[in-house]
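Hi everyone, thanks for coming. Let me put today's structure up on the screen, and then we'll walk through it piece by piece.

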Amino acid sequence: MAEMANMDPEGMDGVRMTWNVWPRTKVEASKCVIPLAASISPIRRHSDIPSLPYAPLKCRTCVAVLNAFARVDFAAKIWICPFCFQRNPFPPHYHMISETNLPGELYPQYTTVEYTLPPTAGQFDQRTGAAPPPPVFVFVLDTCMIEEELDFAKSALKQAIGLLPENALVGFVSFGTQAHVHELGFSEMSKVFVFKGNKEISKDQILDQLGLSSRRAGFPKGPQNGFQSAAGVNRFLLPASDCEYTLDQLLDELQTDQWPVQPGHRPQRCTGVALSVAAGLLGACLPETGARIVALVGGPCTEGPGTIISKDLSDPVRSHKDLDKDAAPYYKKAVKFYDSIAKQLVSQGHVLDLFASALDQVGVAEMKVAVESTGGLVVLSESFGHSVFKDSFKRVFEDGDQSLGLCFNGMLEVNCSKDIKIQGVIGPCSSLEKKGPCVADTVIGEGNTNAWKLCGLDKSTCLTVFFDLLSTGSNAPGAVNPQFYLQFVTSYQNPEGQTLLRVTTITRQWVDTAVSTEELVQGFDQETAAVVMARLASLKMETEEGFDVTRWLDRTLIRLCSKFGDYRKDDPTSFTLNPYFSLFPQFMFNLRRSQFVQVFNNSPDETAYFRMLLNRENISNATVMIQPSLTSYTFSSPPQPALLDVASIAADRILLLDAYFSVVVFHGMTVAQWRNMGYHNQPEHEAFAQLLQAPQEDSQMIVRERFPVPRLVVCDQHGSQARFLLAKLNPSATYNNANEMSAGSDVIFTDDVSLQVFFEHLQKLAVQS
């Protein structure tokens with residue numbers, strides 16, 4: 001059982017916390033250095049979660065949902081809410097309950113339950129047989145590409161449309177210098193509505209031009225079969241089964257953008273207008289409809305709103321240095337424009353997915369706000385022909401075990417015990433500005449609320465909630481309540497259109513840290529703490545001007561080690577760290593060197609991409625992003641974990657590096673020579689063939705199970721692609737101390753400090769009086 005617990009640290013609840021016991025006061029909490037935070041995967045699948053076919057009971061005062069921690073008086077048929085201590089009567093249909101006849105939500109082992117809610121008006125109703133509104137996909141395709149790239153994108157689209165559920169509604173917008181909305185319902189010939197690419201248009205103008213505004217058509221006020229104006233929207237959004245043939249033909253005939261491009265200039269690409277038009281078209285759907293805009297973009301926007309760069313090729317696309325110096329003239333205006341699209345999509349409850357494939361930047365940094373606040377997917381690759389794009393795009397629409405479990409229209413509410421305040425959430429969501437007694441004054445990420453909108457969410461979506469304590473709590477030491485409670489309530493629509501409500505209630509202990517910190521130390525989760533620090537650092541780098549992230553991380557680590565290390569003042573040799581903290585400095589060392597902190601050599605687009613994934617993946621995945629895992633394969637032993645250190649490289653060894661965004665299979669010098677001589681093809685060297693095969697199989701397994709699909713790099717020692725591995729290793733051997741290294745190993749040409757030197761400095765600073 002213990003092994004199982006370690007394999008799945010999130011358990012049934014999908015919650016991991018930086019501290020699993022909390023100090024009682026704000027002052028003591030600030031001494032803990034690492035913030036009080038919980039990472040939650042709201043709809044993560046788990047076989048033990050019971051499904052209850054009825055609506056939940058809620059507390060009269062604080063609206064918390066009845067849960068396993070409520071005290072129940074079976075004789076009087078009342079339950080006492082653990083959050084506000086209100087006494088609530090059970091409704092008549094609970095009259096059968098007793099100690100031996102409990103409803104599912106009161107079983108002590110079911111801290112997470114899922115309710116299937118009865119349908120609201122217009123949704124599926126088994127009694128009347130009215131179907132729920134089907135999911136909607138509007139594909140937005142960039143045509144300003146070379147023929148070859150456009151062909152790759154078109155074949156990916158055809159495959160995706162073939163994989164969609166038959167009832168899913170499909171719309172299609174293509175754009176170059178202008179945005180074209182294709183009327184799929186007009187099958188006699190292709191009919192297109194054209195929008196000028198160089199000026200901003202409002203949602204009303206879009207609906208008016210497409211003939212969907214209620215003013216013009218004089219439609220009856222009530223919605224008809226899932227749409228405000230049935231006759232209208234059905235011209236543009238058709239069931240996949242009806243329009244597959246039309247779309248195939250349309251894609252076959254679609255050419256690259258025919259608008260002439262002057263020599264030395266970029267094509268005129270109106271990405272902003274195309275996304276506005278797609279969002280406007282979806283605005284005609286009923287509010288409850290789950291819909292996604294799937295955008296395939298092959299270059300930067302140079303025309304109209306959302307422009308990120310001029311058309312002149314002699315102007316390079318903005319870099320991190322330009323952003324720091326305020327020398328990116330289009331940046332702020334573009335971010336403001338995408339922010340308005342984000343607000344529109346969030347109010348409609350729709351999602352923007354971005355698939356960007358180009359050698360240059362396309363503006364992911366500007367579009368980040370629209371993708372992240374709607375919970376959209378993002379994939380960044382070099383070409384539409386690259387496996388990173390092709391395999392990831394296919395995964396989005398696949399069914400079965402490989403499916404991402406895409407859900408719509410989510411909402412997360414957090415309830416907590418009375419001395420706890422919520423500062424905010426980092427992750428793919430947007431604040432609903434719902435004030436309540438448990439909302440803190442200070443804000444981290446999406447704050448000022450205890451409810452968040454998740455337009456799109458899937459089984460791996462993860463959010464980080466930051467908590468604060470009241471400065472003058474009734475929580476004084478020796479108080480009666482040793483436990484505190486947190487409840488996460490997530491309502492969402494599954495792909496079939498059913499509304500589900502997942503309720504997770506957890507309890508942890510208050511401890512009096514002023515007396516002893518032993519219990520606090522044992523409740524520290526190093527991985528979660530490292531990931532929370534990475535997310536917080538990324539947020540601060542984006543929102544605080546002139547923020548020195550390395551210094552902030554170093555000071556945090558020094559304070560943590562001073563507080564929780566064992567040492568004699570001013571004696572670095574006496575310093576030891578409790579095993580509960582021993583991995584944390586190493587995580588911080590790798591975080592300081594990671595792409596989240598060192599933006600040099602990465603474009604703003606890549607940085608935005610990495611940070612979006614860091615903020616939405618679960619803790620174990622995010623840990624691999626910060627500190628990659630390394631596995632070593634040799635003749636003499638089975639595959640085993642190796643230190644993330646240049647000393648792990650040996651001539652007769654194969655290394656497999658999983659850095660989340662890329663997976664590297666690295667052959668030592670001797671292994672590469674043997675392979676080049678073809679030894680693995682000779683029957684007497686079967687063991688060598690197996691040695692070559694093992695890391696390939698393991699790498700394929702990682703690639704298959706991950707979304708977005710990572711880049712697979714197969715390289716040899718001293719080859720040009722070996723840099724993908726060397727960049728991640730601890731430089732314990734550099735050109736300064738190359739004489740000490742073992743034969744067949746490698747050196748790293750860098751002036752970065754090694755982990756050893758980092759530790760020595762940390763010890764020195766932590767013990768200073």
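Helices (H or I, at least four residues) and strands (E, at least two) are DSSP runs, numbered from the N terminus.

Two bits of housekeeping. This is a predicted model, where local features need pLDDT of at least 70 and side-chain atom pairs count only at pLDDT 80 or more, while totals for chains, interfaces and linings use all residues. Residues are numbered from 1 along each chain as its sequence is written, and side-chain values use heavy atoms, with hydrogens and water left out.

Keep an eye on Trp22. What does Trp22 touch, not counting residues up to four places away in sequence? Contact here means heavy atoms within 4.5 Å. The answer is Met17, Leu36, Ile420, Phe467, Leu469, Phe484, Leu486, Gln509, Trp510 and Val511.

That brings us to the cores. A nonpolar core is a set of buried Ala, Val, Leu, Ile, Met, Phe, Trp, Tyr and Cys residues joined through side-chain atoms within 4.5 Å. The largest one here has 129 residues, and Trp22, Phe467 and Phe488 touch the most other members. Helix 8 (residues 271-282) supplies the largest share of this core, eight residues. Apart from it there is another core, of 36 residues, including Ile161, Phe172, Cys243 and Leu250. As a general rule, nonpolar side chains in soluble globular proteins tend to be buried together.

Two of those names, Cys243 and Leu250, sit among the buried residues of helix 7, along with Ala240, Thr246, Leu247 and Leu251. Helix 7 (residues 240-253) has 14 residues and reaches 19 Å from its first C-alpha to its last. That is close to the expected 20 Å at 1.5 Å a residue, where the expected span is 1.5 Å times one less than the number of residues. Helix 7 bends by about 30° at Thr246; the bend is the angle between axes fitted to the seven residues ending there and the seven starting there. The buried residues of helix 7 pack against strand 9, helix 3 (147-163), strand 10 (169-175), strand 11 (179-182) and strand 13 (238-239).

Next, strand 14, residues 291-297. Seven of its seven residues are buried. Ala291, Ile293, Ala295 and Val297 point one way, while Arg292, Val294 and Leu296 point the other. Strand 14 runs parallel to strand 9 (residues 136-142), with six bridges, and Val140 stands opposite Ala295. Strand 15 (residues 351-357) is parallel to strand 14 too, again with six bridges, and Arg292 has Val351 as its bridge partner.

Five strands form an open sheet in the order 27-26-28-29-30, with mixed pairing. Strand 27 (640-641) and strand 30 (711-716) are at the edges, each with a single partner strand, so one side of each has no neighbour in the sheet.

Last, two single residues. Is Lys453 buried or exposed? Lys453 counts as buried because its relative accessibility is 17%, and it is found in strand 20 (residues 451-457). Pro260 lies in the loop between helix 7 and helix 8, and at 64% relative accessibility Pro260 counts as exposed.

Methods:
Buried < 20%, exposed > 50% of the residue type's maximum accessible area, 1.4 Å probe, protein only. Pairing = 2+ DSSP bridges.
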